[in-house]
Amino acid sequence: MMMRTVFTIWLLGLLGAAAGEFEDRLEAAGANAPEIRGFVAAAAEGYGRDGEAAAVFLVEGMPVGDLKSLKKEFLLENLALAMKAREEFPWAAKVPDEIFRNDVVPYASLDETREAWRQEFYESCRELVKGCTTTTEAAQALNREFFKRYGVHYNTGRKAPNQSPAESKKLGMATCTGLSIILVDACRAVGVPARVAGTPLWANKRGNHTWVEIWDGGKWFFTGADEYNKDGLNRAWFKGDASQAVADDWKHAIWASSWKKTGHHFPMVWNLESKEVAGVNVTSRYAKPGAK
């Protein structure tokens, strides 16, 4: 009890009113709470206020399963590599804190298996983005080259839609969601803000689809994962289908994933009952005016 009281006083000094919400997350963590406390304390000690804020942000957005299971070492390594990328790559230093925390720091995009992918991806991707000067250039270089290096391409023979990178690499195959998770992670490993986007069902009812959004200069752009287009972003094959999306019908809308809670959830077609992944309705950036 004394340890918890001391921690709460320390946290109040750092976070003010937000400490109450953080304490609720510690309650949800149950027996794993010491790992979560230790992560935030180590982040503050190692990276100051920026590190502490990023760590708290991660904790506030964690699904309950992660709160109960993820360890300090895993979380701290992920954060340390994200902070390293922000220092190393010229575009990363220009990313606003809010975008950096939401779309670079997180260790997962959806409900994929949690794994420590960031070190491997950093080592592979930093060479591929050498000479790039913008997030768009870096994302394009990764989409063009990384899937060949990683040995994963589109194949409906995959085991699950929401495979983690290692699961996809083991099989050498993934479909759109698994490929999108890989590209998002590759981008984040070198400080490029990225997130998963998709629709549960095209308005023409041809099926669902998942792709990637990249942040550059205050705007979001889209690209298909492992679908490099030399002409740049916002030129994917699904652009026409996306233009018919319907914003006020969740199943025909277009959603982007978010670590920060938004009041909405990202609809995962393999687990439609789950609301643990936050989502942003981004249909207006894709649909033609008047689309029904």
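Predicted model: local features only at pLDDT ≥ 70, side-chain atom pairs only at ≥ 80, totals over all residues.
Colleague: What radius of gyration does the chain have, and what does the globule rule give for 292 residues?
Modeller: The chain holds eleven helices and seven strands. Its radius of gyration is close to the rule's value, so the chain is as compact as a globular protein of that length. The radius is 19 Å, and the rule gives 19 Å.

Colleague: How far apart do the centres of the positive and negative side chains lie?
Modeller: The chain has 37 positive and 37 negative side chains. The centres of the two sets are separated by 5 Å.

Colleague: Which residues are linked with Asp97 in a network of salt bridges?
Modeller: Asp97 pairs with Arg86, with the closest N and O atoms 2.9 Å apart. Asp97 lies in helix α6 and Arg86 in helix α5, so this pair ties together parts eleven residues apart in sequence. Asp97 also meets Arg101 in a salt bridge at 3.9 Å, N to O. The residues linked with Asp97 are Arg86 and Arg101.

Colleague: Is Arg86 buried or exposed?
Modeller: Buried means under 20% relative accessible area. Arg86 has 16%, so Arg86 is buried.

Colleague: Is Lys230 buried or exposed?
Modeller: Lys230 forms a salt bridge with Asp231 at 3.5 Å, N to O. Asp231 is partly exposed, at 47% relative accessible area. Lys230 has 67% relative accessibility, so Lys230 counts as exposed.

Note on methods:
Residues numbered from 1 in each chain as written. Heavy atoms only, no water. Helix = DSSP H or I, 4+ residues; strand = E, 2+ residues; numbered from the N terminus. Rg over C-alpha atoms; globule rule 2.2 N^0.38 Å. Lys, Arg positive; Asp, Glu negative; His and termini not counted. Charge placed at Lys NZ, Arg CZ, Asp CG, Glu CD. Salt bridge = Lys/Arg side-chain N within 4 Å of Asp/Glu carboxyl O. Buried < 20%, exposed > 50% of the residue type's maximum accessible area, 1.4 Å probe, protein only.
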